[in-house]
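The following exercises are to be worked with the sequence and the three-dimensional model at hand. Each task is followed by a solution in steps.

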Amino acid sequence: MDLIIPTISMGLLWSLLAIGVYITFRVLDIADLTVEGSFPLGAATAATALVAGWSPLPAMLAAAFAGMLGGVVTGLLCTKLKIPALLSGILTMIALYSVNLRIMGKANVSLLQVDTVFSLYAVEALSPAGMSLLVGLIAVLLIAVACYLFFGTEIGAAIRATGSNPNMIRANGINTDITIILGLLLSNGLVALSGALVAQANGFADVGMGVGTIVIGLASVIIGEVLFGTRSFKNCLLSVIGG
């Protein structure tokens, strides 16, 4: 149990990243490498805000907003400048490395003796690993329900249709540029939120912590789909989290 609980709790925090990758990789049918920049962007923004005295919840909202801006930049490069989606993600990812250094002022920010979401709202009966598990469960539940409800709306359906058949959705009068930007915005917002939570769980934010995150996200999506299936959108969300 000493190994299982911390592993599951950390997996839950990373599953928000997996949901973000799922939105671009499966829903929009785009391989978005912005993830490797927006994940440490969320961590850097949250860590810097926490050290400056912010409460954990506003700090995480700021991190999610910063990630959304990164997604918008990739979307604009892809739709307005007609740069291929893969290259757009790479350009933004490289640019965000400098942005993250600028936000933190150095390569690493420690969160020791700083109030985080795990310490500020700590429950006496729970160990640090148990508290991490509780926060992860709450975060994943809220995000999964919000995503399920959003993608059932007209705008959400338009985003899903953009990935499935862009020609058809354009013929129905939908501006696919807007749906692509919106999808990238949501995806990178979730990735940055995951980065903020992981940084608080680890006790530090590092400029290099985004290396390999796209592989983790894609592995979660593919493994989850193989193990749990893709019968419906709700099933896909649960599969990604399980993966």
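**Exercise 1.** Determine whether Val123 is buried, partly exposed or exposed, and identify the nonpolar surface patch that includes Val123.

*Solution.* Step 1: Val123 has a relative accessibility of 38% and therefore counts as partly exposed; buried means under 20% relative accessible area, exposed over 50%, and partly exposed in between, with a 1.4 Å probe and protein chains only. The model is a predicted one, in which local features need pLDDT of at least 70 and side-chain atom pairs count only at pLDDT 80 or more, while totals for chains, interfaces and linings use all residues. Residues are numbered from 1 along each chain as its sequence is written, and side-chain values use heavy atoms, without hydrogens and water.

Step 2: Val123 is placed in the loop between α5 and α6, whereas Leu134 belongs to helix α6. Helices (H or I, at least four residues) and strands (E, at least two) are DSSP runs numbered from the N terminus.

Step 3: Apart from neighbours within four places in sequence, Val123 contacts Met131 and Leu134, a contact being heavy atoms within 4.5 Å. The C-alpha atoms of Val123 and Leu134 are 9.7 Å apart, at a sequence separation of 11 residues. Leu134 is likewise partly exposed, at 32%.

Step 4: Val123, Leu126, Leu134, Ile138 and Leu142 make a nonpolar surface patch of about 410 Å². Such a patch joins nonpolar side chains (Val, Leu, Ile, Met, Phe, Trp, Tyr) within 5 Å, from residues with over 30% relative accessible area and no salt bridge; areas follow the Shrake-Rupley method with a 1.4 Å probe.

**Exercise 2.** Identify the salt bridges and state which parts of the chain each one ties together.

*Solution.* Step 1: A salt bridge requires a side-chain nitrogen of Lys or Arg within 4 Å of a carboxyl oxygen of Asp or Glu. The count by this rule is two.

Step 2: Arg26 pairs with Glu225, with the closest N and O atoms 2.8 Å apart. Because Arg26 lies in helix α1 and Glu225 in helix α10, the pair ties together parts 199 residues apart in sequence. Arg26 is partly exposed at 39%, while Glu225 is buried at 15%.

Step 3: Lys80 and Asp177 form a salt bridge at 3.6 Å, N to O. Lys80 lies in the loop between α3 and α4 (85-104) and Asp177 in helix α9, so this pair ties together parts 97 residues apart in sequence. Asp177 is buried, at 17% relative accessibility.

**Exercise 3.** Describe the largest nonpolar core and the placement of α11.

*Solution.* Step 1: A nonpolar core is a set of buried Ala, Val, Leu, Ile, Met, Phe, Trp, Tyr and Cys residues joined through side-chain atoms within 4.5 Å. The largest has 59 residues, and Ile19 and Leu197 have the most contacts inside it. Helix α1 supplies the largest share, 11 residues.

Step 2: Beyond residues up to four places away in sequence, Ile19 touches Ile143, Cys147, Leu190, Leu237, Val240 and Ile241.

Step 3: Leu237, Val240 and Ile241 are among the buried residues of α11. Seven of the 10 residues of α11 are buried, so this helix is largely enclosed by the rest of the structure. Its buried residues pack against α1, α6, α7 (154-164) and α10.

Terms used
Patch = residues over 30% accessible without salt bridge, like charges linked within 9 Å, V, L, I, M, F, W, Y side chains within 5 Å.
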